[in-house]
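Please look over the sequence and the model shown here before reading the report that follows.

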Amino acid sequence: MKNFYGRKTPRKVNKYELVSLFDDEFFFHHKNIKNFNKLILKDSVLNLEIGFGSGENIFKSAVKYSDEFFLGCDPYLKGSLSLKKKIKQSGIKNLIITNLSFQEFFKYIKKYTFSKILILFPDPWPKKKHMKRRIIGKSFLKSLHSICNKKSKIILSSDDVNYVEQILYNFHMDKNFVLSTSLFGEKLINSFDLVETKYYKKAKKNKKKTYFFLYNVKT
Ligand SMILES: C[S@@+](CC[C@H](N)C(=O)[O-])C[C@H]1O[C@@H](n2cnc3c(N)ncnc32)[C@H](O)[C@@H]1O
């Protein structure tokens, strides 16, 4: 799997749970990914969360906005396994998840545009030698722009100051997006009903400041 550096299969996973995840109708992997769009109703509003982790945020959004569709990609299978339980118990039909990385998933979603795209606490790769692994770079922004329409909202958060600076720099250089000066921090969290994800809680526990910000598409 290209461009993904974490461990994908959790060590202590129940084999049967994993097999059943790969059979679930809302979970897409390399073999059935081509069929994911059959679940999407025509003309629906689409949202995307890149790196949903344990899925707290995407799940809450899908429950709240039941007339919209939510697509989530994250190669981290442990997160999909915990999200799977919630999806099954709630019976929601508007949440689709995949273990493909964004780079891999992109080729299947590039004909769509998304209303909201969220990237909450992308892996910061703080060591200098690993920084090139960070997802938000020049080519990522090019892909991102191609799946936006004029009204798309890009919501980001990070507690890594160096990564925040890099994100601001990359978006500024890209010139296709405009940073919102009115919606950021707490206001943004409330306005988009963002959930305290695992990594947000971790940052709070470690008393690290988290930056939440929003980009609109330049028109
Ligand atoms: C630091 S965690 C944050 C998880 C979650 N968003 C949160 O706030 O708790 C970063 C997540 O991004 C995922 N990730 C890393 N590279 C990715 C990629 N190229 N495409 C999609 N997800 C990716 C990781 O597997 C991990 O679950």
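On one side of helix α5, Lys138, Ser139 and Lys142 are exposed, a term used for residues with 12 or fewer other C-beta atoms within 10 Å of their own, whereas 20 or more make a residue buried and counts in between make it partly exposed, with C-beta atoms placed from the backbone. The model is a predicted one, in which local features need pLDDT of at least 70 and side-chain atom pairs count only at pLDDT 80 or more, while totals for chains, interfaces and linings use all residues. Residues are numbered from 1 along each chain as its sequence is written.

Helices (H or I, at least four residues) and strands (E, at least two) are DSSP runs, numbered from the N terminus. Helix α5 covers residues 138-146, and in it Phe140, Leu141 and Leu144 are buried. Seen down the axis of α5, these buried residues fall within an arc of 95°, so they line one face of the helix; the arc is that of the directions from the helix axis to the C-beta atoms.

Leu71 lies in strand β3 (residues 69-73) and is buried, with 28 other C-beta atoms within 10 Å. Beyond its neighbours within four places in sequence, Leu71 is in contact (C-beta atoms, placed from the backbone, within 7 Å) with Leu46, Leu48, Ile96 and Ile109.

The ligand is surrounded by 24 residues, counted when their C-beta atom, placed from the backbone, lies within 6 Å of it. Their classes are as follows.

| Class in the shell around the ligand | Number |
|---|---|
| Nonpolar | 13 residues |
| Polar | 8 residues |

Technical notes:
Two residues are in contact if their C-beta atoms, placed from the backbone, lie within 7 Å. Ala, Val, Leu, Ile, Met, Phe, Trp, Tyr, Cys and Pro count as nonpolar, Asp, Glu, Lys and Arg as charged, and the others, Gly among them, as polar.
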